[in-house]
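Please open the structure in a viewer and keep the selection tool at hand. The stops below are meant to be taken in order.

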Amino acid sequence: MSLPDRIDGPLEEWVLKQRWFASKAREVASVNVLERVALSEDPPLALELVEARFQAGTHELYQLLPGEGDEAVRMLARLLGEEAQVGPVSFHGGLEPSGAIRAMGAEQSNSSIVFGEQQVLKVFRRVEPGVNPELEMLRFLSARGFGGVAALTGWYETSGEVMQATLGIMQEFVAEARDGWELALDDPLGTLARLPELGAATGEMHTVLAADPSDPAFAPEEPSMEALSLLTATIDEQIEQVFLDLPRDTPALAPILGRGEEIRDRLQLMSHVGVGGRLIRHHGDYHLGQTMLRDEGWTILDFEGEPARTLLERRRKRSPLRDVAGMLRSFAYAASASELLRGEPAPAGWQEQARQGFLDAYLETVDQSLLPAGRPATDKLLAIFELEKAVYELRYELNNRPDWVPIPVAGIARLLHEEVPT
Amino acid sequence: MQPAGQWFESDPLWFKTAIFYEIHLRGFFDGTGDGHGDFRGLTEKLDYLQWLGIDVVWLLPMYPSPMRDGGYDIADFYGVHQDYGTMDDVRAFIEAAHERGIRVIADLVMNHTSSDHEWFQEARSSPGNAKRDWYVWSDDPTRYDQARIIFVDTETSNWTWDDKAGAYYWHRFFHHQPDLNYDNPEVQDAMIDVLRFWLDAGLDGFRLDAVPYLFERDETNCENLDETHDFLKRARVTVDAEYPDRVLLAEANQWPADVVEYFGEGDECHMAFHFPVMPRMFMALRREEATPILEILAQTPHIPDNCQWGLFLRNHDELTLEMVTDEERDYMYAEYAKDPRMKLNVGIRRRLAPLMDGGRDEIELLHAMLFSLPGSPVLYYGDEIAMGDNVYLGDRDGVRTPMQWTGDRNGGFSRADFAQLYAPPLMDPVYGYQAVNVEAQLRTPSSLLRWLRRFIALRKEHPVFGLGSFEALTPGNEKIFACVRTYEDDVVLCVHNLARSAQAVELDLSAYNGRRPVELFGRSRFPKIGELPYLLTLAPRGFFWFRLEVDDEPA
């Protein structure tokens with residue numbers, strides 16, 4: 001079980017080997033407990049804000065819940081049910097989840113516990129000051145009756161000496177559903193048939209997210225005149241960075257090796273598009289693995305945004321096409337993963353059909369005022385976001401999964417070959 | 001206690017690693033289309049500021065004012081000038097800035113008010129008025145005659161006769177800016193309440209304008225008096241007790257030994273500008289030798305650990321030459337103010353880029369030296385795109401022209417008619433908005449703007465620049481300014497070539513024997529440091545920043 005935390009041995013060693021510890025590549029100078037709150041004496045359960053301090057003197061903060069046994073996890077559930085206030089930590093929701101408990105597998109940046117296959121409590125590990133976007137997004141979407149999310153049922157937060165921050169959320173558990181990513185690999189053709197539904201659900205989600213001008217955190221914004229230039233300058237810098245470090249001896253990189261300048265020129269060309277559409281809060285890390293399919297339809301999960309970005313960045317309003325691009329890239333991954341993971345190539349033309357089915361339904365459903373005027377402008381902006389994503393993927397795969405490098409490489413090469421829409 | 005703000009980690013020393021960005025609100029962006037910059041416009045540009053990577057916005061005074069001194073003549077401490085918006089606009093701006101991780105400080109003039117302020121109007125109305133004693137009156141215009149006149153170009157005395165009051169009133173700056181009487185406890189209380197009002201509105205602190213002059217005493221020059229420090233300490237106690245994680249930044253254009261008094265024992269101002277180092281960076285560049293910088297740093301006393309210097313190249317005022325010798329001043333005028341119109345008071349009213357004759361290498365080198373010094377850099381709006389100035393505008397308005405956003409009408413600053421603009425944007429062929437603007441530089445990967453953003457990001461990755469110790473190296477080649485900064489395990493070596501020619505330098509790095517210099521921008525590994533002097537060659541006006549890494553591999 002991923003919770004409570006049983007810290008055996010020195011704290012620093014323990015923290016560094018945890019899956020959720022984000023900065024494995026950096027040299028850690030020390031790990032210290034900055035703030036400790038005893039949540040319960042019996043069973044023993046505490047909440048600690050722990051600082052990992054790097055050699056340069058910067059730091060990251062993590063939430064630990066040291067305690068013993070399943071009873072400690074039940075205690076967390078009880079505190080949520082009681083809407084307790086323990087020192088600086090306050091619990092909200094008023095629902096005490098019950099039933100058999102189990103850890104949710106395959107967790108990366110967080111730890112989640114499922115209660116009775118009905119509720120799931122997600123404990124954020126990396127903690128940053130401010131409202132976590134997942135809490136904001138779920139609260140907003142649940143309150144407006146958007147059916148494509150698992151409703152928020154509780155959360156807890158701290159307002160202590162170190163910072164004010166959201167520490168965890170609880171929502172309904174999506175039972176008897178299949179993960180969109182697994183589904184695409186197991187049953188590519190069956191999935192293909194359901195993708196227009198996903199496109200429509202995504203369009204509906206964006207429309208709802210843009211529907212309340214009275215809430216400053218969600219009110220749609222007009223892009224400023226330099227919004228697009230800021231975006232392309234940022235992506236351009238990322239391309240430059242990635243190409244600076246590109247290894248020369250990786251065959252998979254051949255299609256793009258030495259073509260950094262060409263890609264940057266391409267980006268310039270694509271960015272000649274009038275400012276248009278609106279900026280809204282959006283999912284932020286949208287891909288097939290964040291979706292579940294039930295008989296009733298698609299459910300969208302994990303509204304935290306890309307874990308590598310800061311909380312402040314993840315809360316920024318951007319074009320909803322950024323989510324769309326994330327999903328389109330995910331189709332490219334699914335098509336290639338079929339071969340990589342299952343040794344079975346995806347059906348011919350699968351990626352193209354997936355893109356089209358999803359995109360057509362999305363563009364038909366979404367509030368048109370959120371998009372740039374005209375399909376060519378939409379396509380260009382979408383291509384810019386896809387490039388951004390592919391560059392991010394390239395860096396990630398080079399560091400983590402060299403076998404997967406060909407996927408972002410193909411995505412980038414594809415943009416080089418495509419006509420720029422005019 | 002007011003919370004520190006939900007978007008920030010608690011950190012009373014946050015300002016030590018921050019990069020400040022000074023904004024002339026009137027000139028930044030016009031959100032309402034009336035020809036003046038305003039809070040709504042500024043809010044629209046927050047994405048740009050976040051992209052640039054700055055941590056703190058410093059606003060010039062935004063209070064109601066007759067604007068006879070750029071707003072430093074405050075007519076009401078409890079409001080905002082109608083050209084800039086409403087208090088709601090201010091609060092919305094501060095909240096939006098905080099949501100982007102940007103803090104906001106504002107100028108506050110403690111020393112004086114505008115003569116339009118109702119306190120002064122009451123005070124002058126009759127000797128018996130309750131506000132009479134809020135200002136400094138005299139029948140004798142020779143009192144305090146050891147106090148210098150600051151605005152020598154416009155003022156002939158620190159006393160001005162007021163017919164209505166039937167007395168002279170005291171003013172260290174313009175005659176329309178009567179000094180408040182800090183000997184009156186009511187004035188002290190009133191000004192502390194002003195601090196509270198703005199901290200309650202969300203401000204993260206103040207740049208305290210003209211702090212050395214709060215009190216007057218016979219037989220003194222009326223600057224840096226003990227009573228002034230006592231009052232500032234009182235203000236600090238209030239801020240610390242009621243508002244965590246705020247900053248008081250003193251503007252005291254004085255010698256380092258006097259300025260450090262404004263830090264107290266770490267119980268007065270958190271920050272103070274280091275004025276004297278600024279002209280010496282320009283001097284060092286012209287003379288092609290590091291000596292002027294090294295000398296002033298050697299004269300700079302240590303400051304308490306919880307304090308920080310504010311460092312800058314240029315700001316909204318003239319490049320002040322008060323803190324240099326007469327000889328140095330003549331040199332600076334000869335080199336940097338060839339047109340007499342460029343001189344103002346005791347200084348030079350020009351922007352950074354024209355001072356450098358538009359030289360990109362020189363602008364980068366000055367930023368590198370600024371960022372390498374112990375303190376928090378304060379950038380001035382427009383300098384990140386190498387904006388120019390207009391010496392034909394009066395006073396200091398020539399360095400306060402509209403920010404140049406695009407090559408479109410009015411430089412993208414305002415949708416108003418040209419004639420409505422508070423000042424004409426620059427339109428000359430070299431620095432005009434068609435040649436120099438944010439949009440063009442965003443689109444050009446090699447632009448100064450894009451370079452500076454990367455440089456800001458680099459500095460922020462290394463808290464050593466804000467928190468670390470500073471050791472100047474003194475190599476045989478005097479054209480080189482080199483220093484080592486150390487904080488915890490981070491050791492950084494910064495080497496700058498002040499000369500117009502390529503230079504070689506041998507640095508004594510034997511204390512770091514066995515470490516490997518890794519260049520911070522491109523991460524190139526240089527040969528390991530050994531017992532012998534370390535040889536580096538630098539391009540004209542070039543610089544290198546290295547991290548000195550522990551490295552077990554052979555050289």
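Predicted model: local features only at pLDDT ≥ 70, side-chain atom pairs only at ≥ 80, totals over all residues.

**Stop 1: chain B as a whole**

Select chain B, which contains 16 helices and 20 strands. Its C-alpha trace spans about 85 × 55 × 50 Å along the principal axes. A compact globule of 555 residues would have a radius of gyration near 24 Å, and chain B, with 24 Å, agrees with that. Buried residues account for 53% of the chain's 555 residues. Consider next the contacts in chain B between residues at least 6 apart in sequence: 68% of these join residues at least 24 apart.

**Stop 2: the largest nonpolar core**

In soluble globular proteins, nonpolar side chains tend to be buried together. The largest nonpolar core here has 169 residues, and those with the most contacts inside it include Tyr21(B), Val57(B), Leu249(B) and Val495(B). Now highlight helix H9 of chain B, residues 277-287, which gives the most to this core, with seven residues.

Then select Ala250(B), another of the residues with the most contacts inside the core. Beyond its neighbours within four places in sequence, Ala250(B) is in contact with Leu208(B), Val211(B), Tyr262(B), Cys269(B), Met271(B) and Ala272(B).

A second, separate core has 106 residues, among them Leu45(A), Leu79(A), Ile256(A) and Leu359(A).

**Stop 3: a loop residue of chain B**

Move to Asn513(B), found in the loop that runs between strand S17 (503-507) and strand S18 (515-519) of chain B. Is this residue, Asn513(B), buried or exposed? Asn513(B) counts as exposed because it has 12 C-beta neighbours inside 10 Å, and a residue with 12 or fewer is classed in this way. Setting aside neighbours within four places in sequence, Asn513(B) is in contact with Ile529(B), Gly530(B) and Glu531(B). Glu531(B) is 18 residues away along the chain, yet the two C-alpha atoms are separated by 6.1 Å.

**Stop 4: a sheet in chain A**

Finally, select the open sheet of three strands in chain A, ordered S11-S12-S13 with antiparallel pairing. Its edge strands are S11 (178-179) and S13 (297-300), each pairing on one side only. Strand S12(A), residues 291-294, is joined to S13(A) by four bridges. Within this pairing, Met292(A) has Thr299(A) as its bridge partner.

Definitions and conventions:
Residues numbered from 1 in each chain as written. Chains lettered and ligands numbered in written order. Helix = DSSP H or I, 4+ residues; strand = E, 2+ residues; numbered from the N terminus. Buried ≥ 20, exposed ≤ 12 C-beta atoms within 10 Å, placed from the backbone. Contact = placed C-beta atoms within 7 Å. Core = buried A, V, L, I, M, F, W, Y, C linked by C-beta atoms within 7 Å. Rg over C-alpha atoms; globule rule 2.2 N^0.38 Å. Pairing = 2+ DSSP bridges.
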